[in-house]
Amino acid sequence: MNHLVRDRVLLAALCLTLFATLGMVSLAQSKAPTQPQWLSISVVHVKPEMLTEFLDFQKKEAIPTIQKGGVKQRSVWQTAAFGEAFEYVFVTPIDSLAQYDGDSPIQKALGKEGAEAYLAKARKLISSVHTYAVLTRPDLSYEREMKGPPKLAVVTAAKFAPGRRIECESLIKNEIVPVLKQAGVGGYWVSQGIFGGDGNTYVSLTLYESFAEIGKGSPFMKVLGQEGATKLGQKFTGIMTHIENSISQYNAELSFPTPAQPQAK
């Protein structure tokens, strides 16, 4: 799997973002954060024949262990119909990069020997894992009032050309976000890859309640019409060098704690 595929989500995702991303933190708070926040995004590919065992391991062993080790929040997304099968994206906030100078939460909870046994068991269930450090970009995102976690997200991984970051961010902020707000989509979360992958990548999550809602068509076509949407796309020519879309589903059973309802902006 090449790095452009892995860099989807950001997402975690969020979306990098996939989940990846702004909403993973803000959903658990009463007010959305206004400053960039560090997130750890682990993209895990489960062995198909071990899926049942993997889910059981996560619920009965992984969650209690990392909570005991001090992890207060984890959000999990999985591929929904379109994208890499048996792929799960685990998103956890990073309080400070200094936390990586000490023992991992697993070792804090189980000790050295216990952690080795835990990881040996986990390795039998997965075929690969890749972890990224990303920064959320609240300045390029927006949220609407929600009654709980999102159900589906269209995850877009976009790579910008070297030296074109400022132009790209200006287009996202001044062209993309206003259209999505006008179209009434559930939210738009953006994160930026920093470590573990291509640093010239943004991952965005556009939130939806159902596949039927996604099937109504592009929000850009809805707001701008064919001609307007085409003109907007042309503005990214030479700035964006690669774009890939997939659909992810929020997995409440593997996430904790239950997100609180955020305040509308």
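Reply: Let us begin with accessibility. A residue is called buried when its relative accessible area is under 20%, exposed when it is over 50%, and partly exposed in between. The structure shown here is a predicted model. Asp56 has a relative accessible area of 36%, so Asp56 is partly exposed.

Me: With which residue does the side chain of Asp56 meet in a salt bridge?

Reply: A salt bridge requires a side-chain nitrogen of Lys or Arg within 4 Å of a carboxyl oxygen of Asp or Glu. The partner of Asp56 is Lys60, with an N to O distance of 3.1 Å. Both residues belong to helix H3 and stand 4 residues apart, about one turn of the helix. Lys60 has 60% relative accessibility and therefore counts as exposed.

Me: How many salt bridges does a search of the whole structure find?

Reply: The search finds 11 salt bridges. One of them joins Glu253 to Lys59, the closest N and O atoms being 3.1 Å apart. This pair links distant parts of the chain: Glu253 lies in the segment after S9, Lys59 lies in helix H3, and 194 residues separate them.

Me: Is Glu253 buried or exposed?

Reply: Glu253 is exposed, because its relative accessible area is 58%. Lys59, at 38%, is partly exposed.

Me: Which residue meets the side chain of Arg137 in a salt bridge?

Reply: That residue is Glu169, and the N to O distance is 2.6 Å. Glu169 has a relative accessible area of 10%, so Glu169 is buried. Arg137, at 9% relative accessibility, also counts as buried. Through salt bridges that share partners, Arg137, Asp139, Arg165 and Glu169 are joined into one network.

Me: What do the buried residues of H4 pack against?

Reply: They pack against H3 and strand S4 (126–136). The residues concerned are Ile106, Ala109, Ala115, Tyr118 and Ala122.

Me: Which backbone values deserve a second look?

Reply: Most residues other than glycine have a negative phi, and most peptide bonds are trans. Ala81 has a positive phi of about 75 degrees, although it is not a glycine. Ala81 is found in the loop between strand S2 (75–79) and S3, and its 64% relative accessibility means that Ala81 counts as exposed. Phe86 also has a positive phi, near 60 degrees. Phe86 lies in the loop between S2 and S3 and, with a relative accessible area of 36%, is partly exposed.

Me: Which two residues does a cis peptide bond join?

Reply: The bond joins Phe256 and Pro257, with omega at about -15 degrees. Pro257 is placed in the segment after strand S9 (240–250).

Me: Finally, which residues make the nonpolar surface patch of about 310 Å²?

Reply: The patch is made by Leu97, Tyr100 and Phe195. Residues of a patch must have over 30% relative accessible area and no salt bridge. Tyr100 has 48% relative accessibility and so counts as partly exposed. Tyr100 lies in the loop between strand S3 (87–93) and helix H4 (105–123).

Conventions: Residues numbered from 1 in each chain as written. Predicted model: local features only at pLDDT ≥ 70, side-chain atom pairs only at ≥ 80, totals over all residues. Heavy atoms only, no water. Patch = residues over 30% accessible without salt bridge, like charges linked within 9 Å, V, L, I, M, F, W, Y side chains within 5 Å. Areas by Shrake-Rupley, 256 points an atom, 1.4 Å probe, with all protein chains shown as cover. Helix = DSSP H or I, 4+ residues; strand = E, 2+ residues; numbered from the N terminus. Buried < 20%, exposed > 50% of the residue type's maximum accessible area, 1.4 Å probe, protein only. Contact = heavy atoms within 4.5 Å.
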